[in-house]
Amino acid sequence: MNFDPALLLRLLQLCVTALILAIGMQSTVDDLTYLWRRPRMLLKSMAAMYVLVPLAAVGLARLLPVPFGLKVAIVVVAISAGAPLVPRKLMPLSNDAYVFSVIATSSLLAIVTVPLSLMAIGTLSGATPEITPGEVARLLGKAFLLPLAVGMGIRALVPGLSETLADILLKSGGIILTLGGLVLLVLGWPLLREAGWISILALGLLTGVALAIGHLMGGPDPEDRTALAIACATRHLGIAVLVAAAVPGQRTGVLVMSYLVASLLASIPYVQWRKRYHTAARARG
C-alpha cells in the first residue's frame, strides 16, 4: 500500500491551523502591538527574519553543490519567517509579548512578503515553487490570519475557557505535528539518503546561520535577543508546509520537514546555553 506524503502534509497543515488558533486564544491586542509601539525593534526583528536570513539561504543555495530539490527546500524555509510553533511557555524567556508580537507581525507581513520573496529569490536561485503569488496569499490569509483572529476573539469573549482550550490544542497539536513530521521523514528517508549528507549539513548550517543573525540583531534586552534568534532559526513551519504542499512531488515536502529535525538538533546547544545564561543573570539580579 502506497502512502501519499501530500496527504500527510495536508493533515499537518490543519494541525498548524489549530495551533495558531490556540496561540490567538492566549494572546491580547496589547501583545500583538508590542513591536508596533517600538519601531526600531520592529525594524531590526523583521530585517533579520525577512532580509538577512533569506539572503543567507540564497547564498547557501547558490554556493553548496546540492540537488535542486534541496535548493527549493532551503528557499521555502528561508522565506517562511516567524515561529508560531515555538511554545512560549517552553522558552527561557519572560517577555511573552515580544515573542507573540514577532510571531503575529511576521505572519501578517507574510501575506505580502512571501509571494514577493518567491519571485525575487527565485530569480536569484532558480528554485521557485510552481505556485502563483495569489495562491500563496490566499492560503496564508485563510490558514493564519483567520484562526489567529478567531482565537483572539474567543479569548475576549470567554477568557477562562480559552486558556484551557488553548493548552489542550497546543499540547495535542504539538504531539501530532511532531509525530507527523517524523512519519514523513521516515517515509521520505530514501529521498533524503539519495540527496546525501550534504543535505543535512546544509539544513543544519542554515539553522546555525539563522541563530547567529537573530542573536546579533536582537537586543538590547538579552531575552529579546534569545527570542529573535530562536524565531529566526525555527522559522514558520506552517507557511513552509503550506508552500511545500503546493509544490508538485514529495521531495520538497520531505526536505522541509527534515529541516524541523535539523533545526531542532542544531538549536539545542544554543537554547541550553541561553537557559544557563538567563538563569545565572536572574540569580545575580
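Helices α3 and α10 are roughly parallel to each other, a label for angles under 35 degrees, with over 145 being roughly antiparallel, 65 to 115 roughly perpendicular and the rest oblique. This is a predicted model, where local features need pLDDT of at least 70, side-chain atom pairs count only at pLDDT 80 or more, and totals for chains, interfaces and linings use all residues. Residues are numbered from 1 along each chain as its sequence is written, and side-chain values use heavy atoms, leaving out hydrogens and water.

| Pair | Axes come within | Crossing angle |
|---|---|---|
| α3 and α10 (residues 222-234) | 10 Å | roughly 25° |
| α3 and α9 (residues 197-217) | 10 Å | roughly 150° |

With that angle, α3 is roughly antiparallel to α9. On the α3 side, this contact (heavy atoms within 4.5 Å) includes Lys44, Ala47 and Leu60, and α9 brings residues including Ala202, Val209 and Met217. By class, there are 14 nonpolar, no polar and 1 charged residues.

Back to α10: the crossing of α3 and α10 is right-handed. Met41, Ser45, Ala48, Met49 and Val53 of α3 meet Asp224, Leu228, Ala231 and Cys232 of α10. That contact splits into 7 nonpolar, 1 polar and 1 charged residues.

Now for a loop residue. Gln26 sits between α1 (5-25) and α2 (29-32). Is Gln26 buried or exposed? At 11% relative accessibility, Gln26 counts as buried (under 20% relative accessible area; exposed is over 50%). Its side chain also makes a polar contact of 3.4 Å with that of Glu163, the term covering N or O pairs within 3.5 Å.

Notes. Axes are lines fitted to C-alpha atoms, for helices over the stretch in contact, and angles run from 0 to 180 degrees between N-to-C directions. Helices (H or I, at least four residues) and strands (E, at least two) are DSSP runs, numbered from the N terminus. A crossing is left-handed if the near helix is turned anticlockwise from the far one by less than a right angle, and right-handed if clockwise. Ala, Val, Leu, Ile, Met, Phe, Trp, Tyr, Cys and Pro count as nonpolar, Asp, Glu, Lys and Arg as charged, and the others, Gly among them, as polar. Buried means under 20% relative accessible area, exposed over 50%, partly exposed in between (1.4 Å probe, protein chains only). A polar contact is a pair of N or O atoms within 3.5 Å; within protein, one must be able to donate a hydrogen and the other to accept it, and residues adjacent in sequence count only if both atoms are side-chain atoms.
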